[in-house]
Amino acid sequence: MQDKNYINIKDLSPQEIEDFVLNNNSKPFRARQISKWLYKKGVDCFDDMSDLSKDFRDLLEFSFSLEPSLELEQEQVSEDGTKKYLFKLSDGNQIESVLIPDKSRNTLCISSQVGCALGCTFCMTGTVGKIRNLRPSEILDQYLLVNKYNENAITNIVFMGMGEPLDNLENLVKVINVLTDPNYLALSPKRITVSTSGLVPQIKKLGEQVSVNLAVSLNAPSDELRDEIMPINKRYPIKELLEASINFPVPNRKYLMFEYVLLKDVNDSDIDAHTLGKLLRGIKCKINIIPFNEAYPLPYKSPSWDRVLKFQEILISYRINVRIRKSRGSDILGACGQLAATYPSIKVKEPQAQI
Ligand code: SAH
Ligand code: SF4
């Protein structure tokens, strides 16, 4: 038995809640009652779980905590309607989540770690280094709280906020199970996308456990260039990454996605586009090209719009399905790669890979 307040009940997967119920000689339907109170009704205390017996509520109270794991510190709204939320964790660290409303979608970009160990040279989060993994409750509360603050429900989730989700695989899988279980948050796995910089063994492990969309941050067409801007490539080079990505079981009728951040004069030449076209030709996939979002103190620039269009045109000539991803929320530093919270005690340094 855990000490009171030791574990947040939202750190438990659906299976773990069921095990808890059964281990305490209660009926399996209790697990569904708990999930309803936690995720559909959003109660703040066990006593509000009114269809559970007093004894069972006391047992829950004794075993778990139920406080929100995040405190909202700031909400910023961009000219384009994008909203950025700055949350404080119980240990004082900060993370950010970004809500991106679009015609029929309301997409939440979620953080999975405080900082990131991978040190990609174009990414603000990478300048911080990894401070720690987020717990499942801290990842889920981003969704639950932002949903509560907004009239329109969140329809899609992308793990493209701060951190490398596959460097926090166990917690990520728990969260995906809570998000998709029909008795929990019941989101379609087709509406969830995990973005990774390319941790090859973890891509395989994720695919063995869940079926969600996968976005692979490729960002360079050759090992030589990728080694330079994404140090993880030295460990898992492009050939291995492509093999793992192609074998990933994306949901039915969905495509494997590649992301390619365009950095002016670094990876945006015609030759780069042709090399990328040849590399991906014939693979069933979509590519998102993302013009670099400038963020001080990163040393890169965004290419001209003409360059972006030319790069796209070359990829299309290889019959590749390619889209330019509009930058949303850049005026509030809410766009991809601009998230770094404020980290009061941490000085921003040159990006450095830690793994
Ligand atoms: N760690 C994961 C998910 C978070 S980064 C990953 O790397 O995929 C999410 C996306 O933002 C990645 O595709 C990354 O390449 C992109 N990105 C990082 N910094 C950026 C920047 N300054 N401008 C545009 N995109 C950026
Ligand atoms: Fe980490 Fe992704 Fe940023 Fe690379 S791009 S430093 S993996 S968050």
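**View 1. Three salt bridges are counted between domain 1 and domain 2.** A salt bridge here is a side-chain nitrogen of Lys or Arg within 4 Å of a carboxyl oxygen of Asp or Glu. On the side of domain 1 that touches domain 2, the elements giving two or more residues are α1 and α2. Helix α2 supplies the largest share of that side, five residues. Helices (H or I, at least four residues) and strands (E, at least two) are DSSP runs, numbered from the N terminus. The model is predicted: local features need pLDDT of at least 70, side-chain atom pairs count only at pLDDT 80 or more, and totals for chains, interfaces and linings use all residues. Residues are numbered from 1 along each chain as its sequence is written, chains are lettered from A and ligands numbered from 1 in the order in which they are written, and side-chain values use heavy atoms, with hydrogens and water left out.

**View 2. The protein chain is divided into domain 1 (10-63) and domain 2 (70-332).** These bounds come from an automatic or database domain assignment. The contact takes 12 residues from domain 1 and 14 residues from domain 2; contact means heavy atoms within 4.5 Å. The domain centres, taken over C-alpha atoms, are 34 Å apart. Together the two domains bury about 1,200 Å², with 56% of it on carbon and sulfur atoms. Buried area is the accessible area (1.4 Å probe) that two parts lose on being put together, summed over both. Seven residue pairs, both at pLDDT 80 or more, are in polar contact between domain 1 and domain 2. A polar contact is a pair of N or O atoms within 3.5 Å; within protein, one must be able to donate a hydrogen and the other to accept it, and residues adjacent in sequence count only if both atoms are side-chain atoms.

**View 3. K10 and D141 form a salt bridge.** Their closest N and O atoms are 2.9 Å apart.

**View 4. Helix α3 (residues 54-63) has the buried residues F56, R57, L59, L60 and S63.** Seen down the axis of α3, these fall within an arc of 155°, so they line one face of the helix. The arc is that of the directions from the helix axis to the C-beta atoms. Buried means under 20% relative accessible area, exposed over 50%, partly exposed in between (1.4 Å probe, protein chains only). The packing partners of the buried α3 residues are β1 (7-8), α1 (14-23), α2 (29-41) and β2 (64-65).

**View 5. K36 pairs with D51 in a salt bridge, closest N and O atoms 2.8 Å apart.** K36 lies in helix α2 and D51 in the loop between α2 and α3, so the pair ties together parts 15 residues apart in sequence. K36 is partly exposed at 26% relative accessibility. D51 is partly exposed too, at 33%.

**View 6. D47 and R57 meet in a salt bridge, closest N and O atoms 3.3 Å apart.** D47 sits in the loop between α2 and α3, R57 in helix α3, 10 residues apart. D47 is partly exposed at 45% relative accessibility, whereas R57 is buried at 15%.

**View 7. D270 and K310 join through a salt bridge of 3.1 Å, N to O.** D270 belongs to helix α11 (residues 270-280) and K310 to helix α12 (residues 305-317), so the pair ties together parts 40 residues apart in sequence. D270 is partly exposed at 29%, and K310 is partly exposed at 30%.

**View 8. D11, D91, R132, R135 and E138 form one network through salt bridges that share partners.** The whole structure holds 16 salt bridges.
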